[in-house]
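Please find below a short note on the model, arranged as numbered points.

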Amino acid sequence: MPPADSSAPTPASMLGVWRQQALSSPWLSAGLGLSLLAILFLLGASIYNAVNGEHADNLHLAALGGLSGFGATALGAVLAVVLRDVSSRNQDVMLGFAAGMMLAASSFSLILPGLDAAREITGNGSLAAAVVVLGMGLGVLLMLGLDRFTPHEHESTGAQGPETERINRVWLFVLAITLHNLPEGMAIGVSFTNGDMSVGLPLTSAIAIQDIPEGLAVALALRATGLSSLRAALVAIGSGLMEPLGAVIGLGISTGFALAYPISMGLAAGAMLFVVSHEVIPETHRNGHQTSATVGLMGGFAVMMFLDTALG
């Protein structure tokens, strides 16, 4: 048995690095802390309601929605084994399509229903917009903080976060995928808060459809790190488990009290928009296929708009 890698990061060393990064980025650290406190508060309120039997019927809908995203990711990962090789242009088109669906889902299935719900609660359009914007800000702060303090790697920008030089590259990719899938799962859970299929079904369908090319792209990226096709597919399939978990979290944070629903809609939308702008679109432009990727994005946006109208 080979000796243990003494250079691997320990919890103590990671804690020290996180502390140094927190001191060097006090505003970002405060923002991450604020968003996490808000999520914990919303979860606490929802647990109180769950004890009293409220919103229990919607949990299975959120779980099924999250599992559909997991299944779609698995399908894409399996396709990576079957297809063996996909050109970089086609990968960029598929990722652009996924980005377009995420953009449209954020707008039509999260922000607009969130505005309607907040307006119904507050009776004021400006106050309703402020509530949803507050949620979006929390979502962006959450993803900014996780992006800064979680070691991960993207093909376009390389390793990011603390202690990346001491962590296996495969695990850095896995952590990056986890950061990507979390807001998608949360969005699914939030969309089923009221058991409204006209909100939950279009958004879940959109996320599941765009998870297929994402699962394919993830498996191909993992294969590029040196994993065999089968192992890359299995790791990519495992990464999809974050979606049902995120769906349960999303449902939880949106059921604590009346305004929790529009705030959570904004939070999920802000997190998804951050992922699209910060990760997906730059990745599609990395190989010089901007035009093809943009056409794919417009196609994904149009498909999601159609789904929202037909299923909503």
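1. Helix α8 (residues 229-239) has as its buried residues Ser 229, Ala 232, Ala 233, Ala 236 and Ser 239. These residues lie on the same side of α8, because they cover an arc of only 120° around the axis. Buried means under 20% relative accessible area, exposed over 50%, and partly exposed in between (1.4 Å probe, protein chains only). The arc is taken from the directions from the helix axis to the C-beta atoms. Helices (H or I, at least four residues) are DSSP runs, numbered from the N terminus.

2. Leu 230, Arg 231 and Leu 234 are exposed on the other side of α8. As a general rule, an α-helix has 3.6 residues a turn, so residues three or four places apart point the same way.

3. The model is predicted: local features need pLDDT of at least 70 and side-chain atom pairs count only at pLDDT 80 or more, while totals for chains, interfaces and linings use all residues. Residues are numbered from 1 along each chain as its sequence is written, and side-chain values use heavy atoms, with hydrogens and water left out.

4. Is Glu 214 buried or exposed? Glu 214, found in helix α7 (residues 197-224), is buried, with a relative accessible area of 7%. Leaving aside residues up to four places away in sequence, Glu 214 touches Leu 95, Ala 98, Met 102, His 180, Asn 181 and Glu 184; contact means heavy atoms within 4.5 Å. Glu 214 and Ala 98 are 116 residues apart in sequence, yet 7.2 Å apart in space, C-alpha to C-alpha.

5. Val 82, in helix α3 (residues 59-83), is exposed, with a relative accessible area of 59%.

Terms used:
Helix = DSSP H or I, 4+ residues; strand = E, 2+ residues; numbered from the N terminus.
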